[in-house]
Amino acid sequence: MVIISDVTYPPESTKEVAVRYLKAPVLPDFLTKKGPYICASKDGGMRSITYYELESSRLAEGLKVVGESMAIYFGVPGYKYSLKPYFELDEGLAILGL
């Protein structure tokens, strides 16, 4: 399974986001990070998406760790994020009782 973080912020906050990113704590070994992948648009500002792969049995722990890693950006003007877990097909079907 993966947890996906979706982050947005205005272009004028880019430098502050980069400075804080370089100071972010190291993630535990049970999370495999892919990204961040970054894009920009005139109307939407900056956007980054990061994938965190983990075993489904560690979902609660993973959400806590990733959420705590987002806290380093609190106070950056315009910074917003969401965290969402995504299950592999077989895990999703099991949740539905199939």
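How many bridges join strand 2 (residues 32-41) to strand 3, and in which sense do the two strands run? Eight bridges join them, and the two strands run antiparallel, where pairing requires that DSSP finds at least two bridges between two strands. The model is predicted, so local features need a pLDDT of at least 70 and side-chain atom pairs count only at pLDDT 80 or more, while totals for chains, interfaces and linings use all residues. Residues are numbered from 1 along each chain as its sequence is written, and side-chain values use heavy atoms, with hydrogens and water left out.

**Overall layout**

- The protein chain has three helices and four strands, which are DSSP runs numbered from the N terminus (helices are H or I with at least four residues, strands are E with at least two).
- Along the sequence, these elements follow the pattern β-α-β-β-α-β-α, and the C-alpha atoms fill a box of roughly 50 × 30 × 20 Å, taken along the principal axes.
- Of the 98 residues in the protein chain, 31% are buried, where buried means under 20% relative accessible area, exposed means over 50%, and partly exposed lies in between (1.4 Å probe, protein chains only).
- The protein chain exposes about 6500 Å², and carbon and sulfur atoms supply 59% of this area, which comes from the Shrake-Rupley method with a 1.4 Å probe; for residues, only the protein chains shown count as cover.
- Among contacts between residues at least 6 apart in sequence, 68% join residues at least 24 apart, a contact being heavy atoms within 4.5 Å.

**The strands and their pairing**

- Strand 2 and strand 3 form a hairpin with three residues between them, and within this pairing Thr-32 stands opposite Glu-53 in strand 3.
- Strand 1 pairs with strand 3 in the antiparallel sense over eight bridges, and here the bridge partner of Val-2 is Glu-53 in strand 3.
- Strand 1 is also joined to strand 4 (residues 80-86) by seven bridges, again running antiparallel, with Ile-4 standing opposite Lys-84 in strand 4.
- Six of the eight residues of strand 1 are buried, so this strand is largely enclosed by the rest of the structure.
- Ser-5 lies in strand 1 and is buried, with a relative accessible area of 1%; leaving out residues up to four places away in sequence, Ser-5 touches Ser-48, Ile-49, Thr-50, Tyr-52, Met-70, Ser-82 and Leu-83.
- Pro-36 lies in strand 2, and a cis peptide bond with an omega of about 15° joins Gly-35 and Pro-36.
- As background, most peptide bonds are trans.

**The nonpolar core**

- The largest nonpolar core has 18 residues, of which Tyr-9, Val-17, Leu-31, Tyr-52, Leu-54 and Tyr-79 touch the most other members; such a core is a set of buried Ala, Val, Leu, Ile, Met, Phe, Trp, Tyr and Cys residues joined through side-chain atoms within 4.5 Å.
- Strand 1 (2-9), strand 3 (45-53) and helix 2 (59-70) are the elements that give two or more residues to this core, and the largest share, four residues, comes from helix 2.
- Leaving aside neighbours within four places in sequence, Leu-31 is in contact with Tyr-52, Glu-53, Leu-54, Gly-62, Val-65 and Val-66.

**Salt bridges**

- There are four salt bridges, each defined as a side-chain nitrogen of Lys or Arg within 4 Å of a carboxyl oxygen of Asp or Glu.
- One of them joins Arg-47 and Asp-6, whose closest N and O atoms are 2.8 Å apart, and this pair links distant parts of the chain, with Arg-47 in strand 3 and Asp-6 in strand 1, 41 residues apart.
- Another joins Glu-16 and Arg-20, with the closest N and O atoms 2.6 Å apart; because these residues are four apart in helix 1, they are separated by about one helical turn.

**Exposed residues**

- Leu-96 lies in the segment after helix 3 (89-95) and counts as exposed because its relative accessibility is 63%.
- Val-26 lies in the loop between helix 1 (14-21) and strand 2, and this residue is exposed, with a relative accessible area of 78%.
- Val-26 and Tyr-37 are 11 residues apart in sequence and 18 Å apart in space, C-alpha to C-alpha.
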